[in-house]
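Colleague: I would like to learn how to read helix packing and pockets in a model. Can we take them in turn?

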Amino acid sequence: MALPATVTHRNLQRGARGAEAEVLQDLMNRIGALLVCDGDFGPGTEAAVKEAQDIAGLPVTGIADAATWDWLESQPEPSDVIPTEAVTFIVREEVGSRKYYDQHVAIPHFPGVESGVTIGVGYDLRFQEPADFEADWAGILTPSEMAALRPHIGRKGSAEAVAALRQLRIAFPAAWQVFVTRALPRAVGQTANCYGGLEVLPPLCRGALVSLVYNRGTKLNGSSRREMKAIHDHLVDGRLDKVAGEIESMKRLWPDSEGLRKRRDKEAAMWRKGLAQAGVA
């Protein structure tokens with residue numbers, strides 16, 4: 001997302017609305033603000049501006065002035081493969097809003113069903129390799145925190161397991177760092193290995209597939225993976241218009257999980273938006 005070259009940035013503060021506020025929100029999502037880019041500069045956007053200013057070492061005013069704009073525009077995209085919009089979508093689906101993360105997700109938790117103890121941005125210890133865990137979190141967690149989590153690698157979680165870890169808390173900036181520098185690149189690579197080169201797909205379509213793989217993995221065999229396999233076949237045959245329908249069809253697997261059903265709908269919508277932006281019928 002970018003403003004036309006003829007538009008000059010102006011100071012924005014709470015109450016501002018419009019395209020420039022939307023661009024500001026998108027820029028702040030590069031550093032993990034997790035904002036909905038609706039062009040409404042409300043309290044969430046103001047809090048994100050203050051956080052950005054604090055990180056940048058600027059006066060913390062909540063007003064997006066020239067220095068704040070310059071700093072935000074100098075920040076890199078969180079991924080060089082999928083757009084910030086898609087990265088933000090994945091993280092919001094995993095942790096909710098920043099407020100929800102701080103209140104509920106910052107401590108180790110157990111999502112239930114087949115999950116393990118989960119930390120950070122949907123980092124499920126049951127499905128992590130020990131070497132990856134060490135490389136991902138060394139220097140982020142303390143040695144004692146690492147030691148407390150190691151027994152849960154590769155194991156199904158439980159309420160009792162997370163109760164024993166309730167003193168451990170991972171601040172969102174640390175979770176974001178591990179996600180964008182370690183977990184997300186790994187998921188992108190897994191997606192490319194499963195579905196072929198992503199470079200031929202429109203950016204948001206890549207994002208929809210990475211979201212799907214981050215949530216479901218890469219397995220293509222079995223009745224529960226019928227649609228995952230069909231997506232692979234559609235991509236091989238160039239039937240890009242068939243993919244969104246397969247993503248929506250997966251909702252059959254979670255008749256009682258509104259969250260997962262909505263996530264599949266939103267991934268399908270992202271896929272269709274990606275095709276539309278690329279002018280693909």
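Colleague: At what angle do the axes of α4 and α13 cross?

Modeller: Some ground rules come before that: this is a predicted model, in which local features need pLDDT of at least 70, side-chain atom pairs count only at pLDDT 80 or more, and totals for chains, interfaces and linings use all residues. Residues are numbered from 1 along each chain as its sequence is written, and side-chain values use heavy atoms, with hydrogens and water left out. Two packed helices are described by the angle between their axes and the distance between the axes. Axes are lines fitted to C-alpha atoms, for helices over the stretch in contact, and angles run from 0 to 180 degrees between N-to-C directions. Helices (H or I, at least four residues) and strands (E, at least two) are DSSP runs, numbered from the N terminus. Here the axes of α4 and α13 cross at roughly 175 degrees and come within 12 Å. α4 is therefore roughly antiparallel to α13. Angles under 35 degrees count as roughly parallel, over 145 as roughly antiparallel, 65 to 115 as roughly perpendicular and the rest as oblique.

Colleague: Which residues of α4 and α13 meet?

Modeller: Contact means heavy atoms within 4.5 Å. From α4 come Glu85, Ala86, Phe89, Ile90, Glu93 and Glu94, and from α13 come Arg263, Lys266, Glu267, Met270 and Lys273. By class, that contact has four nonpolar, no polar and seven charged residues. Ala, Val, Leu, Ile, Met, Phe, Trp, Tyr, Cys and Pro count as nonpolar, Asp, Glu, Lys and Arg as charged, and the others, Gly among them, as polar.

Colleague: At what angle do α10 and α11 pack?

Modeller: The angle is about 150 degrees, with the axes 13 Å apart. α10 and α11 are therefore roughly antiparallel to each other. Leu209, Leu212 and Arg216 of α10 make the contact with Met228, Ile231 and Leu235 of α11. These residues divide into five nonpolar, no polar and one charged.

Colleague: What is the volume of the largest pocket?

Modeller: Rolling a probe the size of a water molecule over the atoms shows where empty space is left. On a 1 Å grid over the protein atoms alone, a pocket is an open set of points where a 1.4 Å probe fits, with protein on both sides within 12 Å along at least five of seven lines; lining residues have an atom within 4 Å of a point. Grid points are joined across faces, edges and corners, and a volume is the space filled by probe spheres set on the points. For the largest pocket this is about 1700 Å³. Its lining has 41 residues, and the closest to its centre are Ser115, Asp124, Tyr214, Asn215 and Arg216.

Colleague: Which element gives the most to the lining?

Modeller: α13 does, with five residues.
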